[in-house]
Amino acid sequence: MRAIDLYCGVGGWSLGLKLSGVRVVAGIDLSTSALETYRKNLGDHVRRADMRTLCYTSLPKKIDVVVGSPPCTQFSYSNRGGSGDLNDGIVDLQAFLSVVDHIQPKFWVMENVPRVAKIFESELLPGGKLEEYSHLVDSVHVVDLAEFGLPQRRRRCIVGKFPDELLFNYREETPTRAMKDVINSFKSQYYDDEMFGARVYSDELSDHDIEDSLTDEEVRLNLEAKTRHPVYNGMRFPDSLDRPARTLTATCTKVSRESIVIDDERTFGSFRRLTLRERASLQGFPGDFQFFAPSYAAKIRLIGNALPPLFSYYVGCALRGVSTGRLRHPWQRKRISLSPQRAPNTKPRLAQHRMSSKRRFRAVIPGFRFNSGMRLQMSNTFVCGQPKWIVDFHYGSPKDIRTIGLEEHSLNVLITDRRAEEELVKLNLSGAE
Ligand SMILES: C[S@@+](CC[C@H](N)C(=O)[O-])C[C@H]1O[C@@H](n2cnc3c(N)ncnc32)[C@H](O)[C@@H]1O
């Protein structure tokens, strides 16, 4: 069975398929670091091309399977709160589907963020932007890859024409893994990679530099963002190791709601982010897969964007028609050799104890009882180098927060006469119409 991997990145699809016995004969991507990573781990059958202007005569012949993950940037809620350019994102879905239409393979599978399921459902309809491809699409699902043994909750839209029932039946056969199954495996002189049945000795592990603990200020900001956020639901801080990890993203600042932060065992009461290697393992990559990129942030992006090979392995088994009773897991299969060259380490930045004097602060003013989601927020700007404090009134739904700056008069009314609260809300809401 021969496959091609479109928007292949570092090869998350290709690696799992290869392990399951599907031969991937071509991969296409634009990113230099992703292509280098793919080549060094999986082979030279990958090339740089723009999927949006791809010349189909360059595609290999006799293809049974097309897989891939077009970019999710425009669809993802973790990018600018979901306000990406959907039409631009749909161009990549069209580019993918157009190749499928050209090749007419036996099977095809596309992965993306959950929102893409809704886009397919509406755009496949008459008059929709994907209508001309509606004859290709057999099924659109949203699945949590944690159900396939990934130690991470990662809900994904899976679209295509493939043995979906068989694939979903495998969920009964896979173990549930928690974040601790990965994190604790790194604590001895070797990493026991239980997903792929391999042992990697600590001195052979790349990208496993443990970062400095978070500073007090970073801890405070984490707590603010995660446990005291006035609009979004509360989150755990630090993250629980007893459950699958939260969804890993392609960026990870130290203080965002997305950042996964765990107890730092080096010092009681301190916290740290995950290492690149821990992130890769939570993304279902074998412990010896090498990531080639010029910076720490670039590696975080490659890892966060990838399709977990643990999942694509099971997709490969379903494509090959392996019945549930005959299913073997990756850790029961022969290992495949990956990059013989170890990727140069990219070190995380050291802790920054000195903060910029031009820092921005934000805080919700406590004590005012509004409906959920509404808040008065104080923040600073700098005018001619001098800090200036302003108060804004925020309201709306989490996906559509509106802001009104309060002038001094309204503020004074609010502060001196608390009964004016409701009036103020009405006043500002009507002022915003
Ligand atoms: C979600 S990632 C795919 C990840 C991949 N499946 C993996 O396992 O690493 C999307 C990929 O699309 C690539 N890409 C974005 N625009 C592209 C284009 N116009 N042509 C080809 N590749 C593109 C990006 O470089 C990125 O690697």
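**Note on salt bridges**

1. At 8% relative accessibility, Asp92 is classed as buried (buried means under 20% relative accessible area, exposed over 50%, partly exposed in between, with a 1.4 Å probe and protein chains only). The N to O distance between the Asp92 and Arg52 side chains is 2.9 Å. This pair joins distant parts of the chain, 40 residues apart: Asp92 lies in helix H3 (residues 86-103), and Arg52 in the loop between strand S3 (46-48) and strand S4 (65-68). Arg52 and Asp92 also belong, with Asp88, to a network of salt bridges.

2. On the basis of the values: this is a predicted model, in which local features need pLDDT of at least 70 and side-chain atom pairs count only at pLDDT 80 or more, while totals for chains, interfaces and linings use all residues. Residues are numbered from 1 along each chain as its sequence is written, and side-chain values use heavy atoms, with hydrogens and water left out.

3. The whole structure contains 17 salt bridges, each defined as a side-chain nitrogen of Lys or Arg within 4 Å of a carboxyl oxygen of Asp or Glu. Helices (H or I, at least four residues) and strands (E, at least two) are DSSP runs, numbered from the N terminus.

4. Glu36 and Lys40 form a salt bridge with closest N and O atoms 2.6 Å apart. Both residues lie in helix H2 (residues 32-42), and their spacing of 4 residues is about one helical turn. Glu36 is partly exposed at 31%, as is Lys40 at 28%.
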